[in-house]
Amino acid sequence: SPAMQNTDRLITRVAPTDSTVLISGESGTGKGVAARRLHELSARRDGPFVAVNCGAIPETLMESELFGHTKGAFTSADRARKGLFVQADHGTIFLDEIGELPLPMQTKLLHVLEAKEVRAIGGEATRKIDVRIVAATNRDLPAMVREGRFREDLFFRLSMFQIPMPPLRERRSDLPALIKHLLTRRLQSSGAAKLEIDAEAEELLVAFDWPGNVRQLENVLHRAAILADGGHIHVADLPPEVARVGSNSSAVAEGGSG
């Protein structure tokens with residue numbers, strides 16, 4: 001679709017640079033896939049790609065996870081640990097759900113961006129790092145800045161180059177090819193003899209709004225593949241909320257003709 005062609009053009013243009021990139025979009029739109037493609041098209045492709053879900057790390061452990069710690073830095077630190085930024089040296093670090101980062105950690109991250117160095121908890125020396133930062137969010141960061149929940153200076157540094165990931169409902173023309181791709185991947189992983197979908201079922205998938213985007217579509221197809229008899233997905237194999245789209249459309253058509 002034109003929307004995804006534009007996204008791919010932006011990725012292709014910025015990938016060879018060392019620019020910090022902010023990928024925005026709803027959950028399940030493929031922000032992680034875009035981040036990995038940025039890395040694979042860059043001069044850092046042979047270096048590490050380290051993905052971090054900022055929303056999944058407890059606040060008390062976040063500094064240690066990102067920057068590391070020395071042995072004895074705190075009670076349970078029985079050995080030194082390299083932080084994720086050091087692990088990503090000469091590669092790319094992908095900070096997913098950056099909007100979940102607490103304000104104190106935002107300040108520390110800003111310092112890393114500006115000084116290109118990190119210091120482990122309990123350590124005295126800093127370490128220079130050569131890391132490209134790609135961040136992603138499904139939050140409205142400008143609104144968070146206005147509300148005082150996200151540092152404005154950090155937002156400006158992260159959003160040097162922005163890439164929007166369009167939701168599935170805005171690129172329905174991509175759905176048939178995406179469905180085919182996901183079914184092929186499912187077929188390869190399951191070892192089944194075949195996995196196909198009939199035209200009516202596919203039409204319902206294309207008509208659905210997909211609030212959970214590609215991740216939700218993948219889950220629906222996974223469920224349908226389990227239920228499909230003989231490797232052929234029918235409308236009956238789709239979950240009620242998807243199948244209901246067809247019945248609602250029929251009801252509207254019947255009402256309009258009356």
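Predicted model: local features only at pLDDT ≥ 70, side-chain atom pairs only at ≥ 80, totals over all residues.
## Arg 132 and its surroundings

The side chain of Arg 132 reaches the backbone oxygen of Ser 19 at 2.9 Å. Residues are numbered from 1 along each chain as its sequence is written, and side-chain values use heavy atoms, with hydrogens and water left out.

Arg 132 is placed in strand β8, residues 132-137. Helices (H or I, at least four residues) and strands (E, at least two) are DSSP runs, numbered from the N terminus. Arg 132 is buried but has no salt bridge, and the nearest side chain of opposite charge, Asp 18, is 5.0 Å away. A salt bridge requires a side-chain nitrogen of Lys or Arg within 4 Å of a carboxyl oxygen of Asp or Glu. Buried denotes under 20% relative accessible area, exposed over 50%, and partly exposed in between (1.4 Å probe, protein chains only). With neighbours within four places in sequence left aside, the contacts of Arg 132 (heavy atoms within 4.5 Å) include Val 14, Thr 17, Asp 18, Leu 38, Arg 44, Gly 91 and Ile 93.

Side chains of opposite charge can pair when their charged atoms come close. Asp 18 and Arg 44 form a salt bridge whose closest N and O atoms are 3.0 Å apart. This pair links distant parts of the chain, with Asp 18 in the loop between α1 (2-14) and β1 (21-24) and Arg 44 in the loop between α2 (31-40) and β2 (49-53), 26 residues apart. Asp 18 is exposed at a relative accessible area of 52%, whereas Arg 44 is buried at 9%.

Asp 130 also forms a salt bridge with Arg 44, here with closest N and O atoms 2.6 Å apart. Asp 130 lies in the loop between β7 (127-128) and β8, 86 residues from Arg 44. The relative accessible area of Asp 130 is 35%, so this residue is partly exposed.

## A bridge between two helices

Glu 114 and Arg 157 meet through their side chains in a salt bridge of 4.0 Å, N to O. Glu 114 belongs to helix α5 (residues 103-115) and Arg 157 to helix α7 (residues 152-158), the two being 43 residues apart. Arg 157 counts as partly exposed, with 28% relative accessibility. Elsewhere, salt bridges that share partners join Asp 18, Arg 44 and Asp 130 into one network. The structure holds 14 salt bridges.

## The chain as a whole

The protein chain contains eleven helices and eleven strands. Its C-alpha atoms fill a box of roughly 75 × 45 × 35 Å along the principal axes. Of the 258 residues, 43% are buried. Among contacts between residues at least 6 apart in sequence, 74% join residues at least 24 apart.

Key: Lys, Arg positive; Asp, Glu negative; His and termini not counted. Polar contact = N/O pair within 3.5 Å; in protein donor to acceptor, adjacent residues only side chain to side chain.
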